[in-house]
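Here is a friendly walk through one model, with an eye on its rings and its sheet. Have the structure open as you read.

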Amino acid sequence: RLGRKGAEPMAGGNAMWRRSSSPLPPRRHGAARGMRAAVLGCAAVGSIVARAGGDPNSATFVQASPAPAPFLGCEGTAVISARTWEGLKAMVEPWADLTLEHTRIVRKLLWAITHNDALEEHVVDCGFGLAVILLVSLRAIDYDDGPFEARQAYRYLEGLLKRLEPYKEQAEVAGWGFNTTDLVIYPFLLGMDQQHTCYGSSLKIFIYPLHDKTRGVLHCQHGQWGLEALIPHWLRQGSCVTEDPGEADYFLVPWHTWCDRMVYRMNQTRREISKAYMDLMRRHEELLPHWSRNNGHDHIFIFSDQGLNFFPEWVDWIPHSMFMLTEALTPACGPQCFNPWKDVVLPGHTDYFRYRRMISFNRPSEERHLLFNFHGRYPGLCHLYKDNIVRGRIIEVFHGKPGVSVGGFTDDYFERMGLSHFCLVPMGTSSWTNHLYESFFAGCIPVILSDGFEVPFTDVIDWPSLSIKWPMHDVSMDLYKYLMSTPIEKIRRMKALVDAHACWFDYHQMLESDSGGACSPYLAIIKALERRRTMLKTTPGRFWGHKGR
């Protein structure tokens with residue numbers, strides 16, 4: 001999608017993104033040098049700083065290399081030294097998967113440049129380095145300054161990448177060979193896509209504007225918990241969202257809970273998440289003003305990994321509301337946490353950069369020489385899994401067996417998945433695990449080893465036709481023999497179904513159904529809400545006949 005919006009910012013946009021052809025004014029040089037030193041001091045925890053120290057005046061004496069390619073001189077300016085440019089090469093490969101803390105550090109470099117109206121000067125000096133700064137900074141800009149500012153920065157980056165395109169080969173030789181494939185999802189994440197039709201649904205959903213709980217979609221979509229940000233974000237861009245509560249079928253209460261837990265280090269031992277939820281509910285007349293319309297029956301809460309454990313008081317505050325959650329059997333909560341007539345099981349989110357790598361290693365059955373694999377945490381490797389008997393049995397029974405690859409983490413994990421006919425999917429710290437959904441992207445037939453794992457979207461996916469669910473107590477050579485005896489024709493059929501149904505777990509909507517029909521987790525969610533709409537209990541409210549009510 002890069003290049004479709006044009007290089008220049010929108011009229012009236014923030015002036016700092018407008019291209020300037022004038023160099024840094026001499027009267028600002030002293031301030032800029034001091035700013036550069038301060039920025040680099042703040043970056044002491046980042047990988048830049050290890051290579052970017054030195055005298056802040058050193059850029060003045062850097063000699064130009066003989067006839068450098070355009071945008072690749074990187075000789076340094078009064079703001080960014082040559083050593084800082086060199087240090088930024090450490091960000092070339094992992095730019096899409098850095099922590100918010102590190103993106104904020106790099107964002108300070110961008111601030112120093114824009115504060116001095118020196119974007120064009122730094123494009124000329126080291127355009128590829130500036131592109132890396134922008135790639136890394138976008139997440140921090142979106143989280144701290146908001147999506148409008150992030151869209152302006154993204155549009156500027158689009159124009160810059162067009163200018164750099166003719167020199168990509170020289171840039172790769174010089175160590176600036178960054179991959180911008182991951183940018184394909186940014187227009188959606190920044191709200192730049194056209195409005196969609198919610199797959200033609202007549203549903204109407206009111207989303208509460210809880211801005212302080214829904215910051216930074218670009219950052220908060222990361223990790224298996226990213227669905228807490230992605231689902232409300234997708235709905236906001238659809239025709240099924242309404243600002244009229246009178247016509248709403250549902251009311252969505254959004255909160256990027258797991259993201260906030262990581263960013264603000266919210267500690268459940270101190271009940272910080274519970275306190276935030278209870279504060280929200282105590283103030284429901286102010287923050288959730290339509291709660292009393294139906295006593296919360298038509299309100300939706302999204303909980304990712306063990307979410308209800310972080311709000312055990314839900315049973316007192318929101319027992320009748322609809323839950324969208326990644327597991328039906330939450331530890332220490334039991335069956336009461338999930339009611340199939342109202343609640344919806346969701347697949348976990350797979351980061352786009354992980355997804356595209358797994359897809360690239362998805363090989364046809366004829367090229368797979370491993371029977372099955374499992375690589376991840378197990379007892380002895382991680383204390384959180386010390387009581388995980390099924391993972392321990394996998395290592396104990398199958399390690400060293402022909403055609404099997406099991407063990408801890410390995411750098412070529414995605415390749416091994418792509419070489420395996422089957423992927424073992426044992427329970428994690430709870431009944432569910434994202435290994436299930438990753439197996440689909442690798443084209444690997446899942447063997448579920450978690451008795452309490454309730455799989456999602458059973459109305460659109462015939463799970464027995466494309467997976468195996470094996471009892472946990474029988475992780476033995478019987479499983480090995482069963483898989484070994486599976487006819488290759490059946491393996492091919494199941495593998496084809498796995499590939500065809502992977503789109504149901506693709507939150508970034510890069511896959512399409514082989515049948516040509518619509519297929520995405522959002523469609524499955526819409527279908528689930530449509531079915532439950534007919535079962536919603538409508539009440540006349542707590543009072544009637546009082547003061548004209």
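## Rings, charges and a sheet

In this predicted model, Lys342 lies over the face of Phe323, at 4.3 Å from the ring centre.

Five strands make up an open sheet with parallel pairing, in the order E1-E2-E3-E4-E5. Strand E1 (205-207) and strand E5 (344-345) are at the edges with a single partner strand each, so one side of each has no neighbour in the sheet. E1 runs parallel to strand E2 (residues 250-253), and three bridges join them; Phe206 has Phe251 in E2 as its bridge partner. Helix H10 (residues 227-236) packs on the sheet, where it touches E1, E2 and strand E3 (299-303), and its direction makes about 140 degrees with that of E3. Helix H22 (residues 521-533) packs on the sheet too, touching E1, E2, E3, strand E4 (322-325) and E5, with its direction at about 160 degrees to that of E4.

The aromatic pairs come to 28. Two of them are set out here:

| Pair | Centre to centre | Angle between planes | Type |
|---|---|---|---|
| Trp234 and Tyr522 | 4.7 Å | 5 degrees | stacked |
| Phe440 and Trp463 | 5.7 Å | 85 degrees | edge-to-face |

Trp234 lies in helix H10 and Tyr522 in helix H22, so their pair ties together parts 288 residues apart in sequence. Both Trp234 and Tyr522 are buried, and so are both Phe440 and Trp463.

Terms used: Residues numbered from 1 in each chain as written. Predicted model: local features only at pLDDT ≥ 70, side-chain atom pairs only at ≥ 80, totals over all residues. Heavy atoms only, no water. Pairing = 2+ DSSP bridges. Helix = DSSP H or I, 4+ residues; strand = E, 2+ residues; numbered from the N terminus. Contact = heavy atoms within 4.5 Å. Axes fitted to C-alpha atoms, helices over the stretch in contact; angles between N-to-C directions. Phe/Tyr/Trp six-rings, centres within 6.5 Å; stacked < 30°, edge-to-face > 60°. Buried < 20%, exposed > 50% of the residue type's maximum accessible area, 1.4 Å probe, protein only. Lys NZ or Arg CZ within 6 Å of the ring centre and 35° of its normal.
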